[in-house]
Amino acid sequence: MIGRNKSVGPDVIPGAILKMGGEAMLPYLARFLDKTINIGTIPRDCKKSIVPIHKGGDLSAVKYYRPVSLTSVVFKQTEHVIAGYIRQVWEDRDRLNEGQYGFRPGYSCESQIITVCQDISDSLDEATRLNAIMIDFSKAFDLVLHDRLLKKIAASGADSRVVVGIREFLIDRSQRE
């Protein structure tokens, strides 16, 4: 789960260090997660993670940069635990539509493409009408209203401490150099 080639965050601790520490690191990671969830605070360094990445074009034009979040490896692990928890809550409460492919184990973009192709093929074979709408969601997350997202997560049955932790992560983010 900890990639050796992942970029380091503001703490400059590479994943290799955590891997070398092995199980000895678990109490420290558990303590970090416990403080993040139970106290509802996130260290300022974890929030100072936005880095502008040049995506081609004029180096002096802001429009050719994309903000990317490079958090610490420790916090990336915390994100995985929280995402896994929310996914489990949603699966237990049957909140995920079978057409939801993103961020689910056993589902992938390729699976979704295969499903769409199969639906088109079935429609052609059966000579039935097929309506399709294609929407590009590539930048959709950038437009998500945080308050609305948090309300939906809370309404889905997630522990209120997790919702507070996510809120804490989303507010007061800053760019680092």
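In this predicted model, a search of the whole structure finds 1 salt bridge. The bridge is formed by Asp159 and Arg161, whose closest N and O atoms are 2.9 Å apart. Asp159 has a relative accessibility of 26% and therefore counts as partly exposed. Arg161, at 39% relative accessibility, is likewise classed as partly exposed.

Aromatic contacts were examined next. A pair of aromatic rings is described by the distance of the centres and the angle of the planes. The structure holds 2 aromatic pairs. In the pair of Phe32 and Phe75, the ring centres are 6.0 Å apart and the planes stand at 90 degrees, so the arrangement is edge-to-face. Phe32 belongs to helix H2 (residues 26-39) and Phe75 to helix H4 (residues 73-92); the pair therefore ties together parts that are 43 residues apart in sequence. Both Phe32 and Phe75 are buried, and the relative accessibility of Phe75 is 3%.

Phe75 also pairs with Phe169. The rings of Phe75 and Phe169 are stacked, with 5.1 Å from centre to centre and 25 degrees between the planes. This pair links distant parts of the chain, since Phe75 is in helix H4 and Phe169 is in helix H7 (residues 160-170), 94 residues apart. Phe169 has a relative accessible area of 16% and is buried, as the cut-off for this class is under 20%. Phe32, Phe75 and Phe169 form one aromatic cluster.

How values were computed:
Residues numbered from 1 in each chain as written. Predicted model: local features only at pLDDT ≥ 70, side-chain atom pairs only at ≥ 80, totals over all residues. Heavy atoms only, no water. Phe/Tyr/Trp six-rings, centres within 6.5 Å; stacked < 30°, edge-to-face > 60°. Helix = DSSP H or I, 4+ residues; strand = E, 2+ residues; numbered from the N terminus. Buried < 20%, exposed > 50% of the residue type's maximum accessible area, 1.4 Å probe, protein only. Salt bridge = Lys/Arg side-chain N within 4 Å of Asp/Glu carboxyl O.
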